[in-house]
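This report describes the architecture of a single protein chain.

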Amino acid sequence: MSEVARSRAADAEIVVRSAVEADLEAVGAVAEAIFGDEIAGTPPSLLPTLYRYLARYYWFPKSPFNLAALVDGRLCGALFAAPANLAENADDADAWIAPRLTTSEERAFFAKYRAYLDANRRAELAAARPNETLLLFFVSVRPGCGRALSREFERRLRANVAESSPTTNANAAPVPLSTLLWTDDTCDFDWYERNGFVEVARFPQQTELRPEPFSTFLFRKEYRSAHREAPPDPCLRSSG
């Protein structure tokens, strides 16, 4: 899609447009700025590469729901989402990172990290409803960007349903519309709870990344009524 959405926050214009592959480097830099060394034991030399990989892991280029938010031409946030039935995988991301893992320590840590992402991805897919959209990746380093991204995502989500399920019957039942995401105890996810997402599951996710298991959460948002603007958001820390 080529649409551009504009809004204002704190006297700055926020432009939301479709994300493109050339944005992934900047998206990874935003993720690194937010998450930092949140997982103890991450090799410091791997941090920049790891978060740029994370952006590529969740990049499904065929999805109509990949968004970037910019202020003064600088990327300040991104939202990647995709239909649960979109048949894509992370092979391209793996091919990108393989030559960048230069030590045995980095390769060993990455294998554990990738296994953790995959385990949560499988759990998310297993819980997804038919035709549900997965909110895969959502980061913002500037207040207002998260709200702008969320609003444009919902607009495109509704437009996509209208285009794929046209009807001339004013009394026809509305097409169910919902979004599912996973997150864990390293992320600040209270923003989702304040903006219509409901926790539908939580479970321990054992991993080799740390001795104790992570707590994984699944959140779902149902879109049943007219659009309501989300309240101003803080800087977001989220993946999944």
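A residue is called buried when its relative accessible area is under 20%, exposed when over 50%, and partly exposed in between (1.4 Å probe, protein chains only). The model is predicted: local features need pLDDT of at least 70, side-chain atom pairs count only at pLDDT 80 or more, and totals for chains, interfaces and linings use all residues. Residues are numbered from 1 along each chain as its sequence is written, and side-chain values use heavy atoms, with hydrogens and water left out.

**Overall architecture**

Helices (H or I, at least four residues) and strands (E, at least two) are DSSP runs, numbered from the N terminus. The protein has six helices and eight strands, in the order β-β-α-α-β-β-α-α-β-α-β-α-β-β from the N terminus. Of its 240 residues, 51% are buried. Contact means heavy atoms within 4.5 Å; among contacts with a separation of 6 or more, 75% are between residues 24 or more positions apart.

**Helix H4**

Helix H4 covers residues 104–127.

Eight of the eight residues of E5 (residues 133–140) are buried, so the strand is largely enclosed by the rest of the structure. Strands pair if DSSP finds at least two bridges between them.

| Partner of E5 | Sense | Bridges | Example of bridge partners |
|---|---|---|---|
| E4 (residues 74–83) | antiparallel | seven | Gly77 and Ser140 |
| E6 (residues 178–184) | parallel | two | Thr133 and Thr179 |

The structure holds one disulfide (cysteine sulfur atoms within 2.5 Å). It joins Cys76 to Cys145, with an S to S distance of 2.3 Å. The link connects distant parts of the chain, since Cys76 lies in strand E4 and Cys145 in helix H5 (residues 145–164), 69 residues apart. The link of Cys76 and Cys145 is left-handed, with -75° about the S-S bond. Both Cys76 and Cys145 are buried. Cys187 also counts as buried, because its relative accessibility is 7%.

Definitions and conventions. Expected span 1.5 Å × (residues − 1).
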